[in-house]
Amino acid sequence: MAPLIRAARSAQHLAVRALAAHGGAHPLTLAFLAAASTAAARAWDAGHPVTDIHPRERNYPRMGDDLHTRYMAAAQTWAAHRKTCSNCQHDTPCKIGAPLYERFSRLQDAHLNRYRSP
């Protein structure tokens, strides 16, 4: 592993540990974040792509947050539409709102079922 990559990873690791231990406003955390940013910038300037600093794990399953992210996006889209559409504010969604509600409902069910199933 290149020294710049090793330095960037080490600095980021220390910054995350300081953040977890002391919070984001602590001077030690801020110093480690600045050092991590500087180390990552040096690696980037030397020609290392970001994937060298943050490699994708091999054979590691994708986290389930993708479902949660899609569920939250659908909820926000449905809420934004419902806020401006007088038909959707009552019992029956409009032509545009119906598919938005269906997507939100389907993703919500999938998200909740993931936690209910053993």
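Author: A residue is called buried when its relative accessible area is under 20%, exposed when this is over 50%, and partly exposed in between, using a 1.4 Å probe and protein chains only. Helices are DSSP runs of H or I with at least four residues, strands are runs of E with at least two, and both are numbered from the N terminus. The model is predicted, so local features need pLDDT of at least 70 and side-chain atom pairs count only at pLDDT 80 or more, while totals for chains, interfaces and linings use all residues. Residues are numbered from 1 along each chain as its sequence is written, and side-chain values use heavy atoms, leaving out hydrogens and water.

The protein chain contains 5 helices and 0 strands, in the order α-α-α-α-α along the sequence. Of its 118 residues, 21% are buried. Its accessible surface, computed by the Shrake-Rupley method with a 1.4 Å probe, is about 9,000 Å², and carbon and sulfur atoms account for 57% of this. Taking contact to mean heavy atoms within 4.5 Å, 54% of the contacts between residues at least 6 apart in sequence join residues at least 24 apart.

Which residues of α1 are buried? They are I5, A8, A11, A15 and A18. These residues lie on the same side of α1, because they cover an arc of only 160° around the axis, the arc being that of the directions from the helix axis to the C-beta atoms. An α-helix has 3.6 residues a turn, so residues three or four places apart point the same way. The cover over the buried residues of α1 includes α2 (27–45) and α3 (50–53). On the face turned away from the buried side are the exposed residues P3, V16, R17, A20 and A21. After α1 comes G23, with a positive phi near 95°.

In α5, the buried residues are G97, F104, S105, L107 and H111. G97 is one of the residues in contact with H81, once neighbours within four places in sequence are set aside. H81 belongs to helix α4 (residues 65–84) and counts as buried because its relative accessibility is 15%.
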